[in-house]
Amino acid sequence: MIVKKPYAIVELFNTAKDVDVLRLKAIDDATLSFDPGMFVMLIYKDPASGAEISRAFSLASSPDSKTLDFIIAMIHGQFTSKLDVAKPGDVLYVSGPHGQFKFDANKDKKVLFLAGGTGLAPFISMLRLIREKNLQIDVNLIYSIKHPDEIILKEELESYVKDLGMKMTITVTRDDGAESWTGEKGHIDANMISRHAPDFLERGAYICGPLNFVKAMKDALVSIKYPADKISADVWGH
Ligand SMILES: Cc1cc2nc3c(=O)[nH]c(=O)nc-3n(C[C@H](O)[C@H](O)[C@H](O)COP(=O)(O)OP(=O)(O)OC[C@H]3O[C@@H](n4cnc5c(N)ncnc54)[C@H](O)[C@@H]3O)c2cc1C
């Protein structure tokens, strides 16, 4: 039997263009035990009919947090349109955690995070854990977005650069609206990885994002002789 626990919405706020942070707290105040990288099923229950809509979302909070954070692309689909009108106090149900995509701080002291869009979510969980536990992990993040206004949790990301010495490259893939963008441009490829993470062979590689992104990242890494069996990836299936 699938266990579904009720959680109340604590906050729902915009963090970037069409991306919201959803913060939930268990009604019984219990915390959820999970490893950064894992996901849960969020379930919306229609108050009138009892019909349920269930979708997978990566946990963005640290495992020690009293609340669960999610980074959600507000695409006005079946589930996300319910969030368009949600408010603090509303109840969602959570089942999980699930998934094999996990960050192992004992295994990798140097990591390469490759994030596509809202695929940044599990890396936020990992970075929060690294900071809270003062883990000595050398992080190199390469993060792809379409437009400059899509940078999720910008200040928090910059704080990891400042406080943890994280190396961060943000690349913008579309030209429209990027006229004043002075940073990296174009899709992440083998060349970009080699330039921004020349020591990539020494790093544990983690990838998260839509299917096409994950496939392109795996191909890019393998083309520069990165061992395929050292790649950890989470695919969002669209
Ligand atoms: C393991 C896992 C983890 C996930 N983690 C996250 C997460 O942390 N954050 C997050 O936002 N999503 C995440 N997703 C995706 C999420 O589960 C839903 O698929 C997504 O929120 C859309 O659900 P929906 O009901 O609103 O849209 P639906 O009604 O299911 O889809 C509406 C339409 O929009 C299309 N569509 C779906 N996603 C997008 C998109 N991003 N851009 C444009 N069109 C799209 C669909 O193909 C469909 O045609 C994850 C998925 C998996 C499998």
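Strands here are DSSP runs of E, at least two residues long, numbered from the N terminus. The model is predicted.

Two strands, β4 (52–58) and β5 (68–73), each supply at least two residues of the shell around the ligand. The greatest share comes from β4, with 4 residues. In total, 16 residues surround the ligand. Arg-55, Ala-56, Gln-78, Phe-79 and Thr-80 are the closest. Sorted by class, the shell contains 10 nonpolar, 5 polar and 1 charged residues.

At Ala-56, a polar backbone atom is 2.6 Å from an oxygen atom of the ligand. At Ala-73, a backbone N or O atom lies 2.9 Å from a ligand oxygen. The ligand taken alone exposes 960 Å². Of that area, the protein buries 66%.

Attention now turns to Gly-186. This residue sits in the loop between β10 (184–185) and α4 (190–196). Leaving aside residues up to four places away in sequence, Gly-186 touches Thr-171, Val-172, Thr-173 and Met-192. Between Gly-186 and Ala-105 there are 81 residues of sequence separation and 31 Å of space, C-alpha to C-alpha.

Key: Residues are numbered from 1 along each chain as its sequence is written. This is a predicted model: local features need pLDDT of at least 70, side-chain atom pairs count only at pLDDT 80 or more; totals for chains, interfaces and linings use all residues. Side-chain values use heavy atoms; hydrogens and water are left out. A residue is near a molecule or strand if one of its heavy atoms lies within 4 Å of it. A polar contact is a pair of N or O atoms within 3.5 Å; within protein, one must be able to donate a hydrogen and the other to accept it, and residues adjacent in sequence count only if both atoms are side-chain atoms. Accessible areas come from the Shrake-Rupley method with a 1.4 Å probe; for residues, only the protein chains shown count as cover. Ala, Val, Leu, Ile, Met, Phe, Trp, Tyr, Cys and Pro count as nonpolar, Asp, Glu, Lys and Arg as charged, and the others, Gly among them, as polar. Contact means heavy atoms within 4.5 Å.
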